[in-house]
Amino acid sequence: MLKFYKNLSGNSGVKAYDMGDDFIIVAFVTGETYRYDYVIPGQEHVENMKYLAEEGFGLSAYLSKAVKGKYARKL
């Protein structure tokens, strides 16, 4: 079940997220939703994304700078 992203910066492109042990799903304000997992883009990125999602700050920037479109699949 998707949880709304806190968006503490006030201008994030991330709307909501969900996560499991080895993945995170990110829904964007554009309506697109993507799954990222330990295979693509990898465990380190997924764990960083999970942390940022819970913090409510920096996830969109991290995705655009570090992950750069590497996702497991579009949902």
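# Exercises on a predicted protein model

Leaving aside neighbours within four places in sequence, Leu59 is in contact with Tyr5, Val14, Val26, Met49, Leu52 and Ala53. The exercises below concern the surroundings of this residue and the rest of the chain; the model is a predicted one.

**Exercise 1.** Determine which residues of the largest nonpolar core touch the most other members, and state which elements give two or more residues to this core.

*Solution.* 
Step 1. The largest nonpolar core has 16 residues, and those touching the most other members are Val26, Tyr36, Met49, Leu59 and Leu63.
Step 2. Two or more residues of this core come from each of β2, β3, β4, α1 and α2 (59-67).
Step 3. Returning to Leu59, its contacts include Val26 and Met49.

**Exercise 2.** Describe the secondary structure of the chain and the order of the strands in the sheet.

*Solution.* 
Step 1. The protein chain contains 2 helices and 5 strands, and along the sequence they follow the pattern β-β-β-β-α-α-β.
Step 2. The 5 strands form an open sheet in the order β1-β2-β3-β4-β5, with antiparallel pairing.
Step 3. β1 (3-4) and β5 (73-74) stand at the edges; each has a single partner strand, so one side of each lacks a neighbour in the sheet.
Step 4. Helix α1 (residues 43-55) packs on the sheet and touches β1, β2 (14-20), β3 (23-28) and β4. The direction of α1 makes about 50 degrees with that of β3.

**Exercise 3.** State how many bridges join β1 to β2 and β2 to β3, and identify what stands opposite Phe4 and Asp18.

*Solution.* 
Step 1. In general, the strands of a sheet pair through backbone hydrogen bonds.
Step 2. β1 and β2 run antiparallel and are joined by 2 bridges; Phe4 has Ala16 in β2 opposite.
Step 3. β2 and β3 also run antiparallel, with 6 bridges between them, and Asp18 faces Ile25 in β3.

**Exercise 4.** Examine the backbone at Pro41, Asn7 and Lys68, and locate each residue.

*Solution.* 
Step 1. Most residues other than glycine have a negative phi, and most peptide bonds are trans.
Step 2. The bond joining Ile40 and Pro41 is a cis peptide bond, with omega about 10 degrees. Pro41 belongs to the loop between β4 and α1.
Step 3. Asn7 has a positive phi, near 50 degrees, and lies in the loop between β1 and β2. At a relative accessible area of 23%, Asn7 is partly exposed.
Step 4. Lys68 has a positive phi of about 50 degrees, although it is not a glycine. The loop between α2 and β5 holds Lys68, which counts as exposed at 61% relative accessibility.

**Exercise 5.** What radius of gyration does the chain have, and with what value does it agree?

*Solution.* 
Step 1. For 75 residues, a compact globule would have a radius of gyration near 11 Å.
Step 2. The protein chain has 11 Å, which agrees.

Methods:
Residues are numbered from 1 along each chain as its sequence is written. This is a predicted model: local features need pLDDT of at least 70, side-chain atom pairs count only at pLDDT 80 or more; totals for chains, interfaces and linings use all residues. Side-chain values use heavy atoms; hydrogens and water are left out. Two strands pair if DSSP finds at least two bridges between them. Helices (H or I, at least four residues) and strands (E, at least two) are DSSP runs, numbered from the N terminus. Contact means heavy atoms within 4.5 Å. Axes are lines fitted to C-alpha atoms, for helices over the stretch in contact, and angles run from 0 to 180 degrees between N-to-C directions. The radius of gyration is taken over C-alpha atoms; the globule rule is 2.2 Å times the number of residues to the power 0.38. A nonpolar core is a set of buried Ala, Val, Leu, Ile, Met, Phe, Trp, Tyr and Cys residues joined through side-chain atoms within 4.5 Å. Buried means under 20% relative accessible area, exposed over 50%, partly exposed in between (1.4 Å probe, protein chains only).
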